[in-house]
Amino acid sequence: MSNISKVDIHICDLPTIRPHKLAMTTITTQAIVIGLITDSDGRQGISEVATIGGASYGESTVEAIKANIDAYITPHLLGGNPQNFNRIMNDISKQVRGNNFAKCVIETAMIDLAAKQLEVPAYTLIGGKIHDALPLAWTLASGDTSKDIEEAKEMLHQKRHNIFKLKIGSGDPDQNVRHVGEIIKAVGNKARITVDINQAWDEYTALKQIKALEEMGVSMIEQPLPSWNYEGMARLTERFDVSILADEAATSLEDTYRQIKQRAGDALALKPAKHGGILQTQKVAAIAQAAGFGLYGGTMIESSLGNAIAASVYSTIPEFKFGTEIFGPLLYKDRLTVEDIEVRDFNIQIPDTIGFGVTLDEEKLAHYKR
Ligand code: MUC
Ligand code: MG
């Protein structure tokens, strides 16, 4: 039996290829947490979670994730068998409240390690894969309409993406909706357009702007209202035909259950970090499926390591009505893994190699870690 002998948590800052403008922050570097779990034979499970804009997007910061793993989670791991990841995560859930991002780092590193011990792809330990490839959206968020149009045309030309999400939570709503109209005019006959408001509107603004977006042919409206406003989201869902998707509001399994029960949306974005790991993500997907909610394979804009983890879990989910947006590695200037993602015919390809199919580049980790 090769049990866990060491847990190392590193914080890295990775630069992006261009500024990425959201409602609450503009990303130029992403702060990510890398988890390394080593067994007594020296094998290593690797994992990542990404965070956006310090504490401005969500309450999990890289500093808090590392501090809480080191102090409160690592003691539950040492000496344990990584193949018992389900039991270990259940034990941790009784001792550590919340901390979903921290739990995700730990669970996914254990699954990678267990898969390496057994010499199988990680998806075989979580039900097995259904999809070999998944549709891959791209976010246009340069902050400039003509640059976004140029970028979209190039993505279509390369057959990289034909689903585009526009970030429209920052600035004047009327102007932002006109920006969406111009993008639809330029590429709307060849691509599906969605928008993400990242909680920035009040209900009055949402009523006015969603009507206009619906008339333009936008196919999904992501988190228009603050995450706490379930009742407002339910009223919008009732009123409009266009899908209203919950992202920041659909976090833990229990919060997502409440959100679904109140029909505070008709779709939701999965993200392993916000749900607290892969096993919880699959449970969220199951309750969403039972309620007839559409699913979106979301991202916190992970680099190639965290992205491979999301690709693996999403490959086990029956249906993504809105495709996925696991494009993170394409927004980074560099990567910490030897392997890059593979995109063909608008689809991300799911790797079939051992673990999550990515190997850590130790020199790059040494270069980028704080
Ligand atoms: C979010 O809220 O969806 C995902 C894609 C993107 O561009 O930003 C993230 C966060
Ligand atoms: Mg979102």
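Mentor: Let us begin with a definition: a residue is buried under 20% relative accessible area, exposed over 50% and partly exposed in between, using a 1.4 Å probe and protein chains only. This is a predicted model, in which local features need pLDDT of at least 70 and side-chain atom pairs count only at pLDDT 80 or more, while totals for chains, interfaces and linings use all residues. Residues are numbered from 1 along each chain as its sequence is written, chains are lettered from A and ligands numbered from 1 in the order in which they are written, and side-chain values use heavy atoms, with hydrogens and water left out.

Trainee: Is Asp247 buried or exposed?

Mentor: The relative accessible area of Asp247 is 1%. With the limit for that class at under 20%, Asp247 is buried.

Trainee: Which strands stand at the edges of the open sheet of 7 strands?

Mentor: Two strands pair if DSSP finds at least two bridges between them, and E8 and E9 do so in the parallel sense over 3 bridges, with Glu222 opposite Leu245 in E9. The order of the sheet is E5-E6-E7-E8-E9-E10-E11, with parallel pairing. Each edge strand has a single partner strand, so one side of each is left without a neighbour in the sheet, and these strands are E5 (138-140) and E11 (294-297).

Trainee: At about what angle to E7 does helix H5 run?

Mentor: Axes are lines fitted to C-alpha atoms, for helices over the stretch in contact (heavy atoms within 4.5 Å), and angles run from 0 to 180 degrees between N-to-C directions. Helix H5 (residues 173-187) lies across E5, strand E6 (163-167) and strand E7 (192-196), and its angle to E7 is about 165 degrees.

Trainee: What area do domain 1 and domain 2 bury between them?

Mentor: The domain bounds, which come from an automatic or database domain assignment, are 4-121 + 360-368 for domain 1 and 126-349 for domain 2. The contact takes 38 residues from domain 1 and 45 residues from domain 2. Buried area is the accessible area (1.4 Å probe) that two parts lose on being put together, summed over both; here 65% of it is on carbon and sulfur atoms, and the value is about 3,400 Å².

Trainee: Where is the place of Glu325?

Mentor: Glu325 is buried, with a relative accessible area of 2%. Not counting residues up to four places away in sequence, Glu325 touches several residues, including Lys165, Lys271 and Tyr296. Its place is in the loop between helix H11 (304-314) and E12.

Notes: Helix = DSSP H or I, 4+ residues; strand = E, 2+ residues; numbered from the N terminus.
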